[in-house]
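The following exercises are to be worked with the sequence and the model at hand. Each task is followed by a solution in steps.

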Amino acid sequence: MTNKKFYITTPIYYPSGNPHIGHCYTTVACDSIARYKRMQGYSVMFLTGTDEHGQKIEEKAKEQGVTPQEYVDEIVKNFKKLWSYMDISYDRYIRTTDDYHVEAIQKIFKELYDRGYIYKGEYKGMYCTPCESFWTSSQLDENGCCPECHREVKEASEEAYFFKLSPFADRIEKLLTETDYLQPKSRATELVNNFIKPGLEDLCVSRTSFTWGIPVTFDPKHVVYVWVDALFNYCTALGFQNDAHNDFDEFWPADVHMVAKDIMRFHAIIWPAMLMALDLPLPKHLAVHGWITFNGQKMSKSLGNVVDPFILGERYGSDAIRYHILREMALGADSSFSNEIMINRINSDLANGLGNLVSRTVAMVDKYFGGTIPSERELGDFDDELISCALSLRDKVDEFIDQTQINNALAEIFKVISRANKYIDETEPWILGKNETKKARLASVLYNLLEAIRISTTLLSCFMPKTMPKIWKQIGASDNDISYENATEWGVLPTNVKVCRGEIIFPRIDVEKEIDELNKIIGSNAKEEQADDFTPAPVGEQISIDDFAKSDLRVALVKSCEKVKKSKKLLCLQLDDGMGGRQVVSGIAEWYKPEDLVGKKVIIVANLKPVKLCGVESNGMICAADTPDGAASVIFPDQSLPNGSKIR
């Protein structure tokens, strides 16, 4: 299998602030798959990096009194520090400021121009600075804001080069609907209906309103816009159109691009179209995952809803954090994060499951046989079931890894761990140990447990690379015992294997105490970091107290809530406003699930004229705050306030 190649990529991260736990999933997931493929014998290329150009970077650097290069250099250090701490085994790290990438992008832009797919024109439309995106009026959300981040847009016009998307519409639709390029496949319908069926519009691929970017060689007042610059990193990092690397022919096309859902459109539509324009092979799979959310909201430092991953790792170990985020995230869906969910997962799976199995098994070998299992054996009940369960594990994990369903792969591994713990209860080794005539049977039971641990932890090492070697030392496994091939073999450990009792692998955590401690940390971090990357919107035109008095703000209780069928952004809330009740429609579905709001009190503008949104009548507006990353944070008043209380 050594001649097999495997290429996996994360998106390149936009360095607008320091990384947090919300950034970790994609990189940890790709790292785990890369490790698994290496264990299978593949020659692996695992790429990650940073997307470092654009107007937002230029503005941030100016605010801090540094050059854009100095600004991104500092943030890249923090990304690399986090990836090192999380044991990310990337093979190559690309920065879009790297000289070889700049050279390659200029050649690619010129090639697309020479082929007639890029042309000069003038863009007139609505522009969102944070997203660096132009939008037509029909694409704006129900509030006339950016459909991606829901922040204010401004009318803009500038000379620009455009990429022709429409010629590729039919081919991309077939790619999404008739192949397994997009995983999960359910995302394809969303893309086709929302973007391809209405008609693909040509894409702006250069800018003249800022300078922090790659200059267009034949028109230097233009810089290459993000879509060409960032997306082609997957090719330039392998040496496409440059001499820095020379493994493009070896590894392209990519086996897996893994991205979060907010950049799915760019990778599922724009990226294939550009590759088609250059007659390059398309990546085999695009795996799209959801967000790590906190109370239904996307992870965001500005909301104070994340804990620094370094703090989490210091308290529980980086492997526990890796395991938690991988186990909780089902491909295509969001993963709800809370202190309680995390600690309970660590306790149930790692402390009570794996840690307890290792501790009990090694302790019994030490107690009954002085640490070395004798070679005499006696088969008995339940052996075949445990052995069969362990030996069938690798094939199941293989299948889920190939489908990028990491949570299911981990679930299968922990089924074996759970079965081994049950085997202890079934065979009752503490009773066997009291009977000298049962020593051979006891030796078989404990040896079987060690083998089940060996197989489980061999496969688990790709997801939790730091802890498994500690377990192997305790169960007496040598380096030669741990391999992909040996994961389907029974009896690999020496007949008279010697264990080495050590520290508890995953100590059980006091849930209530830890939740209190983490909540204190979150609160402290929110206060300290709230202003780090936040620039308030300009204050509006001054009004008089009489103008303000025209707005009637009231407290209301959310009695029920459901999604509006014709919209992905709207929720319909039934409220008890103390005045007979009312229905309000709000564009917060991207950040809140209905169940997150039911039973909570909100502030509403009670005297707005009724309007219909997607055919549903709305009698008021929910008050929410804009956050720096484009989320809407609903303002929740004190729950003790009576329904209908007036805000003044």
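A salt bridge is a side-chain nitrogen of Lys or Arg within 4 Å of a carboxyl oxygen of Asp or Glu. The model is predicted, so local features need pLDDT of at least 70 and side-chain atom pairs count only at pLDDT 80 or more, while totals for chains, interfaces and linings use all residues. Residues are numbered from 1 along each chain as its sequence is written, and side-chain values use heavy atoms, with hydrogens and water left out.

**Exercise 1.** Determine which elements are linked by the salt bridge between Arg-441 and Asp-383, and whether the two residues are buried or exposed.

Solution. Step one: the side chains of Arg-441 and Asp-383 meet with N and O 2.8 Å apart. Step two: Arg-441 belongs to helix H18 and Asp-383 to helix H14 (residues 383–391), so the pair links distant parts of the chain, 58 residues apart; helices are DSSP runs of H or I with at least four residues, strands are runs of E with at least two, and both are numbered from the N terminus. Step three: both Arg-441 and Asp-383 are buried, where buried means under 20% relative accessible area, exposed over 50%, and partly exposed in between (1.4 Å probe, protein chains only).

**Exercise 2.** Describe the span and the burial of helix H18 (residues 439–460).

Solution. Step one: H18 has 22 residues and reaches 31 Å from its first C-alpha to its last. Step two: this is close to the expected 32 Å, the expected span being 1.5 Å times one less than the number of residues. Step three: because 22 of the 22 residues are buried, H18 is largely enclosed by the rest of the structure.

**Exercise 3.** Which residues does Asn-242 touch, and which backbone oxygens does its side chain reach?

Solution. Step one: Asn-242 sits in the loop between helix H8 (233–236) and helix H9 (248–251), and is buried, with a relative accessible area of 6%. Step two: a polar atom of its side chain lies 3.0 Å from the backbone oxygen of Thr-236, and the side chain reaches the backbone oxygen of Phe-240 at 2.9 Å. Step three: leaving aside residues up to four places away in sequence, Asn-242 touches Tyr-100, Glu-103, Ala-104 and Thr-236, a contact being heavy atoms within 4.5 Å.

Technical notes. A polar contact is a pair of N or O atoms within 3.5 Å; within protein, one must be able to donate a hydrogen and the other to accept it, and residues adjacent in sequence count only if both atoms are side-chain atoms.
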